[in-house]
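Subject: Handing over a structure, with notes on what was found

Dear colleague,

Please find below the structure that I am passing on to you, together with its sequence. I would be grateful if you could read the notes with the model open beside them.

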Amino acid sequence: MSIQRSKQRIIQMVIVLFGISFLTFLLVYLSPGDPAEIMLTECGNIPTPETLAQARKDLGLDRPFLSQYGSWLKGVVTGDMGMSYSFKVPVFQKLLSCFIPTVALAVSSLLLMIVVSIPLGILSAVFHNKLLDYLIRGFSFIGISIPSFWIGLVLLRIFGVNLGWVSVSGGTADIRSLILPAVTLALAMSAKYTSKFELLF
């Protein structure tokens, strides 16, 4: 029974992903602006009509919508996602280069959340309805109420602009550049899961 449910969920997930990709591709197709013209004018040049026509042909933009979507879907399935217009490298290679920093950020924020929320949950359970419990509840309430992006901006302002401890320009993937994003995500998750760990203890 569980195997059957797993198969159904996988099929539903595939259908949802297919629908999302189709709608996203359709919105991009219907959006104003010519991708070929945008790509050619990035360097400040004014392309000629002949150059635009050749660029559209090379990019496949002169084909019908379903033909474009079919080619894109085939490329995604086979691992060929085309070239990035901005970075001039294969899209799959660019995604692969961002995979390790993304995993490092997710793992770091998860570990920080565990380190913060479990002790706070234990303290809140031990000192139930006392001052420390109220303070921890206040932290949880504030952390859940404040958007993560605002916390990130505040931390960036304090530790990046005022103190100069981290770079505010980005573009690096070292340990120092990982600290603030991990802390930002961990604070939001800790505020959410502290009360859940309190119930466990």
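Predicted model: local features only at pLDDT ≥ 70, side-chain atom pairs only at ≥ 80, totals over all residues.

Residues are numbered from 1 along each chain as its sequence is written, and side-chain values use heavy atoms, with hydrogens and water left out.

The whole protein

The protein has eight helices and zero strands, where helices (H or I, at least four residues) and strands (E, at least two) are DSSP runs that are numbered from the N terminus. Of its 201 residues, 19% count as buried; here buried means under 20% relative accessible area, exposed means over 50%, and partly exposed is in between, with a 1.4 Å probe and protein chains only. The accessible surface comes to about 14600 Å², and 72% of this surface belongs to carbon and sulfur atoms; such areas come from the Shrake-Rupley method with a 1.4 Å probe, and for residues only the protein chains shown count as cover. Among the contacts with a separation of 6 or more, 62% are made by residues 24 or more positions apart, a contact being heavy atoms within 4.5 Å.

The buried residues of α4 are F65, Q68, Y69 and G75, and they cover an arc of only 125° around the axis, which puts them on the same side of the helix. The arc is that of the directions from the helix axis to the C-beta atoms. On the other side of α4, L66, K74, V77 and T78 are exposed, and the helix is followed by G79, whose phi is positive, near 90°.

Helix α6 (residues 131-145) has 15 residues and reaches 21 Å from its first C-alpha to its last, close to the 21 Å expected at 1.5 Å a residue. Which residues of α6 are buried? They are D133, I136, S140 and G143, and, seen down the helix axis, they fall within an arc of 95°, so they line one face of α6. L131, L135 and F141 are exposed on the other side of this helix.

The salt bridge

The structure holds one salt bridge, a term used for a side-chain nitrogen of Lys or Arg within 4 Å of a carboxyl oxygen of Asp or Glu. R137 forms this salt bridge with D133, and the closest N and O atoms are 3.0 Å apart. Being four residues apart in helix α6, the two are separated by about one helical turn. D133 is buried, with a relative accessible area of 0%, whereas R137 is partly exposed at 35%.

A nonpolar surface patch of about 840 Å² is made by F92, L96, F99, I100, V103, V107, L110, L111 and I114. Patches are made of residues with over 30% relative accessible area and no salt bridge, where like charges are joined within 9 Å and nonpolar side chains (Val, Leu, Ile, Met, Phe, Trp, Tyr) within 5 Å. One of the patch residues, I100, lies in helix α5 (residues 91-126) and counts as exposed at 63% relative accessibility. In the loop between α5 and α6 is N129, which has a positive phi of about 60° although it is not a glycine.

T184 lies in helix α8 (residues 175-200) and is buried, with a relative accessible area of 10%. Not counting residues up to four places away in sequence, T184 touches S148, I151, G152 and L155. The C-alpha atoms of T184 and V154 are separated by 9.7 Å, and V154 is found in helix α7 (residues 148-162). S190 is also placed in helix α8 and is buried at 1%; with the residues up to four places away in sequence again left out, S190 touches L112, M113, V116, S117 and F139.

Conventions: Expected span 1.5 Å × (residues − 1).
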